[in-house]
Amino acid sequence: MRFSFATKAITFAATFAVFSAPMLAQNTLAQRVSRAPDGVVHVQFAARPATCGDGKDMIGFRKALFADSFQSIGDWNAPNCRPGPVRVALSVTKGRVTRVKTYVGGDWARTSERVTDLGAVPSSEAAAYFFALVPQIEGGSRGDKSRVLLPAVLADDPGALQRLISMARDDARLEETRRQAIQWIGLLGDASVVPVLVAFARGGGASPAGQDIDDNEGGPGKKGLATAAMAALSSLEDGSGVPALIDLARTGPTGTRGAAVFWLGQTGDPRAFAALHGVIENGREDDRVRAHAIFSLSHGDAPASEFTYLRSIYPRLTSDRLKESVLHGMGEDESGGSAWLIGRARDNGESLKLRKTALFWAGQRKHTPTKELVAVYRSATEPSLREHAIFVLSQRDDEASLNELMRIAQEDSDQKMRSRALFWLGQKDDPRVVKMIGDKVLR
């Protein structure tokens, strides 16, 4: 029987397909890594648009900046963060990955370990592999837990969002991994993911939403899934998460409202600022939530007009807790914060507690002239305020504050003030102080 050339070609192609399918299956990225000898395996792939790095420990993507010692979500500026491929170094022992280090751009770092370079792989294959690797490496004793998802999400692959949602919902994953997944939903998603994030915000997760609020005036302390979801809503592009955060701030339980107002202030959105005004001025709202709103307004991405607003409502606040939150917030006001705080510290109509708070935050501002703090001490008549002023001066590291403390220790008519000044001077490492104390001892 004769076969035509075309028939032979078809037969060869079919035979090749039968034998090559298993061969290709054995040549996936996972298989190639598992067959590598002990040491380090290098792999690289195309990065998602808007990804940059310094080729070392820093990686940036949209509002996120990662380094070995920190991660930040918000505005950032890093001139040495440049586009480049994602490069991943996997530590492998007996075919098992024990550690993953992710870089963007640059060149491979030198290492004394044996290196197996797998070269460039398709981004879709890399994403699938690194998502599948998460259960194996998420609980590892060696660091980089905050970066465990980086190689998976930075790969230029459109399927990442659905994988992240599934991972965030997976009770078998560590809570930290689920929090990271929620964070990346906010960084990669758009308005379509708002219902998913709201469900987490209202349902909480491993830590109920009500436990995500502290009793002080700062931001949410516990990092449960509910708080992670609200943070993710605040980072969605084009402010698409702001309406949902406003609704959570108005209708959620106390803990949810407190966390929602905090994240509203981080958006820099005029709608968020208006909603925060409503919370602050709502006398029926829990003071903890109102304090969170004040903190958020003064520590977020707010224009100078918001500090003017906080100063204007200060006289109308009836709670010391809320007034203290405003005083704290004025420490962030670059224009009129120092003068206003000094004014409150010298106001005899204020309680001593609030005057001390104002003086403390004025002293914490490097832009506050030391002479203004000195003037408060010299004009004060209340012993406790004078003693507090000495403490505030002791926290500053300039010539004027040291000179005033030495003057008080040597010349003040109040023996108690001389003693307090001498105590705080004793914490200073200055030869003039050593000499002064030595002279007193020798007398």
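1. Buried means under 20% relative accessible area, exposed over 50%, and partly exposed in between, with a 1.4 Å probe and protein chains only. Asp 68 has 42% relative accessibility, so Asp 68 counts as partly exposed. Asp 68 is in the loop between strand E4 (64-66) and strand E5 (71-73). Helices (H or I, at least four residues) and strands (E, at least two) are DSSP runs, numbered from the N terminus.

2. This is a predicted model: local features need pLDDT of at least 70, side-chain atom pairs count only at pLDDT 80 or more, and totals for chains, interfaces and linings use all residues. Residues are numbered from 1 along each chain as its sequence is written, and side-chain values use heavy atoms, leaving out hydrogens and water.

3. Next, the sheet. It is open, has 4 strands in the order E7-E6-E1-E8, and its pairing is mixed. Two strands pair if DSSP finds at least two bridges between them. Strand E7 (96-104) and strand E8 (115-120) are the edge strands, each pairing on one side only. From one strand to the next, the twist averages 20 degrees. Strand E1 (residues 39-45) pairs with E8 in the parallel sense over 4 bridges. His 42 has Asp 117 in E8 as its bridge partner.

4. Helix H15 (residues 337-345) is mostly covered, with 7 of its 9 residues buried. Among them are Trp 340, Leu 341 and Arg 344. The buried residues of H15 pack against helices including H13 (304-313), H14 (320-330) and H16 (352-364); contact means heavy atoms within 4.5 Å.

5. Now the aromatic pairs. Rings of Phe, Tyr and Trp (its six-membered ring) pair if their centres lie within 6.5 Å; planes under 30 degrees apart count as stacked, over 60 as edge-to-face and the rest as tilted. By this rule the count is 11 aromatic pairs. Phe 262 and Phe 295 are stacked, at 6.1 Å centre to centre with 25 degrees between the planes. Phe 262 is in helix H10 (residues 254-264) and Phe 295 in helix H12 (residues 287-299), 33 residues apart. Both Phe 262 and Phe 295 are buried. The ring centres of Tyr 314 and Trp 340 are 5.1 Å apart and their planes stand at 90 degrees, so this pair is edge-to-face.

6. Two rings carry a charge over the face: Lys 323 lies over Tyr 314, at 5.0 Å from the ring centre, and Arg 420 over Phe 423, at 4.9 Å. The rule asks for NZ of Lys or CZ of Arg within 6 Å of the ring centre and within 35 degrees of the ring normal.

Terms used. Axes fitted to C-alpha atoms, helices over the stretch in contact; angles between N-to-C directions.
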